[in-house]
Amino acid sequence: MTATTLFYIIIAIIIVNFIIDKILDALNAKHFNDAIPNELKDVYDDAEYKKSQAYKLTNYKFGVWSSTFSIALTLAFICFGGFEYVDVLARRFSDNSIVIALVFFGIIMFGSDILSTPFSYYKTFVIEERFGFNKTTIKTFILDKVKGLLMMAVIGGGILALIIYIFQLTQQHFWLYAWAIITIFSVFMNMFYAKLIVPLFNKQTPLEESSLRHKISEYAQSVGFNLEKIFVIDGSKRSTKANAYFSGFGNEKRVTLYDTLINDLEEEEIVAVLAHEVGHYKRKHIIYNLVASVLLTGLTLYVLSIFITNPLLSNALGVSTHSFHVGLVAFGLLYAPISEITGLVMNWLSRKFEYQADDYAKNTYKAQPLITALKKLNKNSLSNLTPHKAYVFVHYSHPTLLQRMRNLNL
Ligand SMILES: [Zn+2]
């Protein structure tokens, strides 16, 4: 194997990945105008259906433009020695390999963020605005960007620095320690995400005493579930789209409802959505997901440890001095096909879990309000009611509305 061969493999992986993605998008787009199945006829009226068609098409075209721009830029960066340039630049700051790595990733992350900002600006303030979803102000948009970058610098930079430090001490055994650190960090984040990270971006208030709160408590008691922490989050600060999610475990478990969800749904429907979330907890999906991601991380780090010391990795990207950070980039690009496959498995598992959570809601509460809730949520986000099978298989973490309805009606 030579560096040139490896270079072509990396380029081929990026291009093939892009082509597969575009084929899936096009397949899906071909079915935008399919007849809506009878069971879903009541989701949209004619005007809303037309609007949803336009929304799908607009997003599809936007996706083609933005992903083409992104791949062109990535390929140009690799082919014209971008990594070598940034690596040499980073080495001017220090002789310390941790500092070099931090500067290197800092430049690349910041640069790609700047370049992608016009696209996210357009998505939020042109597309989402045109279809009536956007509630984000320019100020929120900028603050989100700044906070996101700072968070990545602190957390991402911290973990990277720690891992390189361990690599220097333990060489090929570093993966075991890195695995332990990332695992501890993931569990910690799972527990305290709502307390530490969410408040940086949103306001959360406990759901006040009300008939809704009463209905929720009544349901929770009926299934022997201790649900003290129910929070309402100000999702309406950014978008009209609604959501609800479960996070943490043990004493830290909590349910978060978007204020938009409370506005859009009837009380019984909200309890049904909550019953679905309780189902995820009761069927241990949160634990399974955490275990699966810990195992996948272990596998990735182990494979990384085999290759990371090989200078071919850096040379393939046109970088003459081999280092952990450039090796990491090359490894990430080469590992993409494997992470695509594990992504498929995780999505498949996630769809299984959704059915189980729906079944739990059906068996411990009612199916009907969950069905009407799902219909409203799909309608209010102008979602695609006729996605292509292959697209669903690759990209959907939830079954389609039709599939969930059929399962709930069983
Ligand atoms: Zn779910």
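This is a predicted model: local features need pLDDT of at least 70, side-chain atom pairs count only at pLDDT 80 or more; totals for chains, interfaces and linings use all residues.
**View 1. Helix 4 crosses helix 13.** Helix 4 spans residues 97-130 and helix 13 spans residues 324-364. Their axes come within 9 Å. The crossing angle is roughly 40°, so helix 4 lies oblique to helix 13. Helix 4 contributes Ile100, Ala101, Phe104 and Phe105 to the contact. From helix 13 come His325, Val326, Leu328 and Val329. By class, seven of the contact residues are nonpolar and one is polar. None is charged.

**View 2. Helix 2 packs against helix 4.** Helix 2 covers residues 46-79. Its axis and that of helix 4 are 11 Å apart, at an angle of about 175°. Angles over 145 degrees count as roughly antiparallel, and the two helices are therefore roughly antiparallel to each other. On helix 2, the contact uses Tyr55, Thr58, Asn59, Phe62, Ser66, Phe69 and Leu73. On helix 4, the partners are Leu115, Phe119, Tyr122, Lys123, Ile127, Glu128 and Arg130. Here the contact residues comprise eight nonpolar, three polar and three charged.

**View 3. Strand 3 and strand 4 form a hairpin.** Strand 3 runs over residues 244-247 and strand 4 over residues 254-258. They pair in the antiparallel sense, over four bridges. Six residues sit between the strands. In this hairpin, Gly248 takes a positive phi near 70°. In a regular strand, side chains alternate between the two faces of the sheet.

Definitions and conventions
Residues are numbered from 1 along each chain as its sequence is written. Side-chain values use heavy atoms; hydrogens and water are left out. Axes are lines fitted to C-alpha atoms, for helices over the stretch in contact, and angles run from 0 to 180 degrees between N-to-C directions. Angles under 35 degrees count as roughly parallel, over 145 as roughly antiparallel, 65 to 115 as roughly perpendicular and the rest as oblique. Contact means heavy atoms within 4.5 Å. Ala, Val, Leu, Ile, Met, Phe, Trp, Tyr, Cys and Pro count as nonpolar, Asp, Glu, Lys and Arg as charged, and the others, Gly among them, as polar. Two strands pair if DSSP finds at least two bridges between them.
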